[in-house]
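This report describes one structure for a reader who has not seen it before. The sequence and the model come first, and the description follows.

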Amino acid sequence: MKKARIIENKCRGCGCCVRSCPMNNITLGKKKAESGDECNGCEKCIKACPFDAIELNYGGN
């Protein structure tokens, strides 16, 4: 299953991904985005991120 993974060194904590996630899977913690376990792989967060700081991992890793 595809799951969002935040690339920490690219994330600027802008919150665009948080607002775009229909599953409420992404939160801001310690000024960076954090992805939870409810990702459905829709890629809306990836499209919303202006810093290319999110990628999909296959297998949930």
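## Gly36 and the overall fold

With a relative accessibility of 30%, Gly36 counts as partly exposed; buried means under 20% relative accessible area, exposed over 50%, and partly exposed in between, with a 1.4 Å probe and protein chains only. Gly36 is placed in the loop between E3 and H2. Its C-alpha atom is separated by 18 Å from that of Asp52, and the two residues are 16 residues apart along the chain.

This is a predicted model, in which local features need pLDDT of at least 70 and side-chain atom pairs count only at pLDDT 80 or more, while totals for chains, interfaces and linings use all residues. Residues are numbered from 1 along each chain as its sequence is written, and side-chain values use heavy atoms, with hydrogens and water left out.

The chain has 2 helices and 4 strands. Helices (H or I, at least four residues) and strands (E, at least two) are DSSP runs, numbered from the N terminus. Along the sequence the pattern reads β-α-β-β-α-β.

The C-alpha atoms of the chain fill a box of roughly 25 × 20 × 20 Å along the principal axes. For 61 residues, a compact globule would have a radius of gyration near 10 Å, and the chain agrees with this at 10 Å. The radius is taken over C-alpha atoms, and the globule rule is 2.2 Å times the number of residues to the power 0.38.

Of the 61 residues of the chain, 33% count as buried. The chain exposes about 4,000 Å², of which carbon and sulfur atoms supply 48%; accessible areas come from the Shrake-Rupley method with a 1.4 Å probe, and for residues only the protein chains shown count as cover. Among the contacts in the chain with a separation of 6 or more, 61% are accounted for by residues 24 or more positions apart. A contact means heavy atoms within 4.5 Å.

## Charges and salt bridges

The chain has 11 positive and 7 negative charges, and their mean positions are 5 Å apart. Lys and Arg count as positive and Asp and Glu as negative, without His and the chain ends. The place of a charge is taken as NZ of Lys, CZ of Arg, CG of Asp or CD of Glu.

How many salt bridges does the structure hold? There are 2 salt bridges, each being a side-chain nitrogen of Lys or Arg within 4 Å of a carboxyl oxygen of Asp or Glu.

In one, Glu43 pairs with Lys2, and the closest N and O atoms are 3.6 Å apart. This pair links distant parts of the chain, 41 residues apart: Glu43 is in the loop between strand E3 (32–35) and helix H2 (44–48), and Lys2 is in strand E1 (residues 2–6).

The other salt bridge joins the side chains of Arg5 and Glu55 at 2.6 Å, N to O. Here too the pair links distant parts of the chain, with Arg5 in strand E1 and Glu55 in strand E4 (residues 54–58), 50 residues apart.

The table gives the accessibility of these residues.

| Residue | Relative accessibility | Class |
|---|---|---|
| Glu43 | 28% | partly exposed |
| Lys2 | 29% | partly exposed |
| Arg5 | 34% | partly exposed |
| Glu55 | 30% | partly exposed |

## Other residues

Asn57 lies in strand E4. Is Asn57 buried or exposed? Asn57 is buried, because its relative accessible area is 16%. Leaving aside residues up to four places away in sequence, Asn57 touches Met1, Lys2, Lys3 and Arg5.

Ala48 is in helix H2 and counts as partly exposed, with a relative accessible area of 26%. Apart from residues up to four places away in sequence, Ala48 touches Cys16 and Ser20. The C-alpha atoms of Ala48 and Tyr58 are separated by 20 Å, and these residues are 10 residues apart along the chain.

Asn24, in the loop between helix H1 (16–20) and strand E2 (26–29), has a phi near 55°, a positive value in a residue other than glycine. Asn24 is exposed, with a relative accessible area of 65%. Lys31 belongs to the loop between E2 and E3. Its phi is positive, about 65°, although Lys31 is not a glycine. Lys31 counts as exposed at 74% relative accessibility.
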